[in-house]
Amino acid sequence: MKFRLLLTLSAVTLICVTTSSCYDQLNLENASTPLAFGMDLNEDNQLELYTSTPIFSKNIRKKSLEINATIRTLRQSKAVQNAQSPGSTQGRNFQVILVGKRLLQHEGWIQMLDVIFRDARNTVTDRVVAVDGALSEIMFLNPEDQPLLPVLLRGMITTSSDNAETVSTTAQELHRQYFEKGITPSISQVKVKDHKRILVTGTTLLTRKGRYAASLGYQESILLNTLQKKAKSGVSLTYSIPGKSKTGPFDTDTLSFTAQKIATKIKTSYQQSRFQFDIKLKIAADLTEVMFPYNVLRDNKQLEPIIAGLLKSQIEKLLKKFQRHNIDPVGFGLYARAYQYREYKKVQDRWAEALSDAVFHVSVEFDINAIGPVK
Amino acid sequence: MKLPHNDQSSEHKPDLETHIPDIIEHLQRLFTDAPDLVIRKLSIMQTGEAAVLAYLDGLTDKNSINKDVLYPLQFIGGGGEPGSELYVTVGHIVPYTTWSHIIEALLNGDSVLFVEGRSECYALDTKGWPQRAIEDPQLEPSLKGAHQGFLETGSQNIALIRRYIPNRELKIKQLAVGKRGPASVSILYLEDVTNKEFLKRLEDRIKGINVDVIINTGELVEFIEDNPYSLFPQLISTERPDAAASQILQGRCAVVVDRSPSVLVGPVNFMAFFQSIDDYSTRWSIATFLRMLRIAAFFIAAFLPALYIAVVSYHFEIIPMKLLITLGESRGRVPLPPFVEAVLMEITLEILREAGVRLPAPVGQTVGIVGGIVIGQAVVQAGLISNVMVVVVAFTGISSFILPNYDMVAAVRLIRFILMILASLFGFVGIIIGLIVMIEQIIALRSLGMPYGIPLAPMRFADLKDTFIRAPLWLMNKRPISTSPLQNRRQGKSRFQEEEEEKKE
């Protein structure tokens, strides 16, 4: 027994002496934890880095420290960041990654994010956001009536994407979308309005190589999410019903509904040397706003096909838009690979071009579940 | 208290003098510097013989001596001849012929009557030492259970347990421990239920003790515990007769040590430390909830400060954004590193707790209030400790208070500090290593040879009814397998039939 005790004690002592502690111990108060970082190009096409770090002190009025530097790579910029911040800079708590519009005009910027994925200490759950405008404007805005920029942006993206009004693309998801051949990346989009307000404007669609291709508004983003089967029940759409009259400046011809059940079915086939996609959408919805006079008993059956038709034409327009820009944010390539592998394999490296030649058959089934408690 | 002295009696030949003056001289020689020894000469009215009554003042009941011994001997005539039977109104009378027995009887509170010309003397049971009344148990108060706690008198404690188990199968093995002041140690068990293996092990271990004196049960535990180096207690000591009786009924042994108000129970497993006797007197649903709460509290009390240290000094990437800002703000003002901060606060908590225990109740409360205000307010305001740390310490403190067993709480307190050191050296990895070692320790330990981790490791599914949950009593018809009882079944179908079903028939 004594021998065993001695052995245990000496083993513990040995461990404590030889392995004094983990090398990466860093107390929170000694670290500087930027919550947002952004990349943009300046007028000379040099890479610019922006970070926003919260300052942990009650005595300082301004709650965050913004750093801006011209850099070559992200990891190389660490020295510059350390030189400007009170603690050792750590990329562990990023909430958002902002990308400027000038940067999006160039391919290959996603490769610049390599350190985010390769250094496992860095977080990959941060949302990637495209800024419609110059990054310097949004980073140094610091409106007094709003929380810290990263907190604000993260909150806006989370609530908007919960309602499917934008996508919620994390750094890891972007990495997947970039390297996956059957899909092209799509990220959230924000912009600064009137030099003082930040707002989410929808979704930015990128080409296969990461260049800016097109933007989607709220309603189109909802449809994109619906096609991706990511839209949850509760998303709200608004349409103007043709044939109803407008009263002055008011859109009294509109109708809004909240989808309760959304079922998207996509079937793939290959005919006449073109990919064919059958998209079947089934939506059961509650009417939440009807501006025009409306009789339940009579109009219900008439309204349903009208709304279905409106949905169908908007989806078709959206798909045309994708085809025009040679992009596939929905990920039809994943379906093609799953069901038409032989044909897909031939075109997988130029899938977006193949998709622009594809045929879509959209059919929408719309049911009115409830019309609300008013007549 | 009568002690077994079989081993001594054979060695000693009768050496008692028959002449009174010789006896008195012998007594005085034996008990020098013992002013509490009373030697009372008298003449017995019944037989006309001269006699001497000797006893130790304070260990005996004066009333009993006056009324039941001196009065009948001196004032009630009987016309008996010298050498015939004496009439005293005392229940227990033992004749002795050797001095060693006489000394023992005197020291244990008997009064000894020597009669002129007789070769034997009589030890009369007139015990009556200072004793307190039966009170509520201090460490294990109960809401709905009985309000009787054990006392310092072994025979009383046995009686308290017998009240719950009035059955002739309740056997008592009496042993004496200690050479200078033998304390009677009694093992209580059910003859037809308790596994003889545990009993034998317990008996052998107690017999092997060779010490001067056992003052308390806690001392006995150190000598008979399976692994004295382990942090975990391997025997439960309780001060509740109902708890002890319930354990005996489950097939365990209880050890009553004379002069100690707590009773040992063994063999026990790790999960038994989360059970309380109140579990069985409250409704099963709330008892189950409380058990879960206790298990959660065990982990909070052991791990929370370590988690705090690990998160703040290694893994702050897991802190949610909003918490990061509050935590950063409160940590930013603190001049101490997280480990020092945590250890300081935990030690303060331990000091406060210890101060509260040692002080009389009214002062203890004041200490609690002062400590609470000092820690809760001033330390944070002075910027010495972050307020998140105060919350952590308060949580661990409260969590450790809801564990029903004091020994387990003590173990958790030590484990907490070990885990804090590990966390400060290796972060989460250290905590996981600590957890693994702890689980390994629980699996490897034994209590009187029974696996300590039972019924979880080794797995005994049937016993899970009374582990994390407390199943309704009418579903637990069998005794726990873990005690390997001789009689498995403890009750039959006891729940009445539903009325609707009766109608159908």
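Predicted model: local features only at pLDDT ≥ 70, side-chain atom pairs only at ≥ 80, totals over all residues.

Trainee: How many residues of chain A are in contact with chain B?

Mentor: 28 residues of chain A touch 24 residues of chain B. Contact means heavy atoms within 4.5 Å.

Trainee: And what area do they bury between them?

Mentor: About 2,400 Å², with 67% of it on carbon and sulfur atoms. Buried area is the accessible area (1.4 Å probe) that two parts lose on being put together, summed over both.

Trainee: Which three residues of chain A supply more than any other three?

Mentor: Leu28(A), Glu29(A) and Phe56(A), which supply 26% of the area that chain A buries against chain B.

Trainee: How many salt bridges cross the interface?

Mentor: The rule finds four. It asks for a side-chain nitrogen of Lys or Arg within 4 Å of a carboxyl oxygen of Asp or Glu. Arg121(A) and Glu317(B) meet in a salt bridge, at 3.4 Å from N to O.

Trainee: New topic. What is the strand order in the open sheet of chain A?

Mentor: The four strands run 11-12-13-14, with mixed pairing. Strands (E, at least two residues) and helices (H or I, at least four) are DSSP runs, numbered from the N terminus. Two strands pair if DSSP finds at least two bridges between them.

Trainee: Why is one side of strand 11 left without a neighbour?

Mentor: Strand 11 (236-240) and strand 14 (359-370) of chain A are at the edges, each with a single partner strand, so one side of each has no neighbour in the sheet.

Trainee: How many bridges join strand 11 to strand 12 in chain A?

Mentor: Five, and the two strands run antiparallel. Ser236(A) stands opposite Thr258(A) in strand 12 of chain A.

Trainee: Last one: how many salt bridges are there over all chains?

Mentor: The structure holds 44. One of them, within chain A, joins Lys181(A) and Asp349(A), with the closest N and O atoms 3.5 Å apart. That pair links distant parts of the chain, 168 residues apart.

Technical notes. Residues numbered from 1 in each chain as written. Chains lettered and ligands numbered in written order. Heavy atoms only, no water.
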